[in-house]
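Please walk through this model with the structure open beside the text.

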Amino acid sequence: MASLNLDAYRFSVAWPRVRPDGGPLNPAGLAFYDRLVDRLLERGILPWVTLYHWDLPQALELRGGWTDRDTVHRFTEYAVSVHEALSDRVDLWTTLNEPWCSAFLGYTGGQHAPGHQDEASGLVAAHHLLLAHGAATGEIRRRQPDARLGITLNLSPVTALDPQEPADRDAARRIDGFQNRVFLDPLLRGSYPEDLLADTAHLGWQDAVRDGDLATIAAPIDVLGINYYTSAHVSAGRTQAPPRRPRPCPPARPASPYPVSDDIAFLGRDLPTTAMGWEVQPSGLRDLLVRLRDDYAGLPRLYITENGAAYDDRRDGDGEVRDADRIAYVDAHLRALHEAMEAGVDVGGYFVWSLLDNFEWAYGYDKRFGIVHVDYDTFERTPKASARWYAGIAATGTLPRG
């Protein structure tokens, strides 16, 4: 990282490593992160801690996981354990990474662990995840008043196939509600969207929301992390072309991760795609950031906490990985980010996803997002062409003339 001129490293702590089975503290597991933080600081690299990136202790899942309100309390205990160990050197804390994936891919669509397929369960899990964020934020703030605290959401602009067609507009409204506003509104407005509540009233999930929960969820935050990869284009009905964005390793009975949306089709456009099948649309990042500024008063400072692309990287005969597609992807998105900043959006930083090729959840080690190539047989790490290109940008803070 130092050789690539990186001045910050965002990493996640594994809950099962620190408090196995959600129980007592494991000092050896926590010591790993203690050493990591020290090494980062020795190199002049800012440590940015993410407390939860989907790895729930299995013992807690067996009790109901994120559909069980007690998991909120167990998460808060775990968060305090990590904070007590690292707060003398860390002041940037993200509670959750992409709670949309934890809730809706895990409990509604079944594509990610624990693999459940139930519309109400995903919504209950989303509420408990938000409540865990708020509870942990309050506890950390009480212990470290000057800490910078936040959450990271994976957000996507949603457009209708035919904006003049009411059914298509309604499809876009619903998907935007379940992708974006289900998290943004409670966090930044202290309430769930009225249209989402009406759409899902028959599911009974709102019984999970108790007095005082939304005030806890809306605890003030200092930063809002945004993970952006692609946008969505939707229409009403199943008569349209099939989606170009495959769901990750669908189960035997694939289900939509979006509740009450079986009548909505996700459509491909005439855009290039990554190895994940995700469309490349840099302008979506600019539009998303401007929308956040316009729609939410008192918006905390924004950070792009993930942006990048998987491609079918191959090492040349000389051992080099010449990933021109990735360079083009990151370059275009940085330019879109610059456009948003020029329009007055307050953005504090950008993290490319990811430093290393790594484990991509349901895809295993099949998809490579890293700017550093990892040989999974030998663990040899080789900076790709994108790493050398990105090092220049990190050193100067400027993009090459386009």
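Buried means under 20% relative accessible area, exposed means over 50%, and partly exposed lies in between, with a 1.4 Å probe and protein chains only. Helices (H or I, at least four residues) and strands (E, at least two) are DSSP runs, numbered from the N terminus. The model is predicted: local features need pLDDT of at least 70, side-chain atom pairs count only at pLDDT 80 or more, and totals for chains, interfaces and linings use all residues. Residues are numbered from 1 along each chain as its sequence is written, and side-chain values use heavy atoms, with hydrogens and water left out.

Start with helix 5. Nine of its nine residues are buried, so helix 5 is largely enclosed by the rest of the structure. The buried residues are Pro99, Trp100, Cys101, Ser102, Ala103, Phe104, Leu105, Gly106 and Tyr107.

Helix 6 deserves a separate look. The axes of helix 5 (residues 99-107) and helix 6 (residues 119-143) come within 8 Å and cross at roughly 155°. Axes here are lines fitted to C-alpha atoms, for helices over the stretch in contact, and angles run from 0 to 180 degrees between N-to-C directions. The crossing angle makes helix 5 roughly antiparallel to helix 6. The classes are these: angles under 35 degrees count as roughly parallel, over 145 as roughly antiparallel, 65 to 115 as roughly perpendicular, and the rest as oblique. The crossing of helix 5 and helix 6 is right-handed. A crossing is right-handed if the near helix is turned clockwise from the far one by less than a right angle, and left-handed if anticlockwise.

On the helix 5 side, Pro99, Ser102, Ala103, Phe104 and Tyr107 make the contact. Helix 6 contributes Ser121, Gly122, Leu123, Ala125, Ala126 and Leu129. Contact means heavy atoms within 4.5 Å. By class, the contact of helix 5 with helix 6 has eight nonpolar, three polar and no charged residues. Ala, Val, Leu, Ile, Met, Phe, Trp, Tyr, Cys and Pro count as nonpolar, Asp, Glu, Lys and Arg as charged, and the others, Gly among them, as polar.

Further along helix 6 sits Thr137. Thr137 counts as buried, at 1% relative accessibility. Leaving aside neighbours within four places in sequence, Thr137 is in contact with Thr95, Leu149, Ala219 and Pro220.

The axes of helix 2 (residues 27-42) and helix 4 (residues 70-86) come within 10 Å and cross at roughly 40°. That angle makes helix 2 oblique to helix 4. The crossing of helix 2 and helix 4 is right-handed. Leu30, Tyr33, Asp34 and Val37 of helix 2 meet Ser81, Val82, Ala85 and Leu86 of helix 4. The residues of this contact divide into six nonpolar, one polar and one charged.

Next, the backbone. The peptide bond from Ala113 to Pro114 is cis, with omega near 10°. Pro114 lies in the loop between helix 5 and helix 6. A cis peptide bond also runs from Trp353 to Ser354, with omega near 0°. Ser354 is in the loop between strand 10 and strand 11 (372-374).

Positive phi values come next. Asp21 is not a glycine, yet its phi is positive, about 60°. Asp21 is in the loop between helix 1 (15-18) and helix 2. Val260, also a residue other than glycine, has a positive phi near 40°. The loop between strand 7 (232-236) and strand 8 (264-266) holds Val260. At 17% relative accessibility, Val260 counts as buried.

Finish at helix 12. Its buried residues are Ala385, Ser386, Ala387, Trp389, Tyr390, Ala391 and Ile393. Their cover includes helix 11 (324-342), strand 10 (347-350) and strand 12 (381-383). Ala395 is also in helix 12. Is Ala395 buried or exposed? With a relative accessible area of 53%, Ala395 is exposed. Ala395 and Ala31 are 364 residues apart in sequence and 31 Å apart in space, C-alpha to C-alpha. After helix 12 comes Gly397, with a positive phi near 70°.
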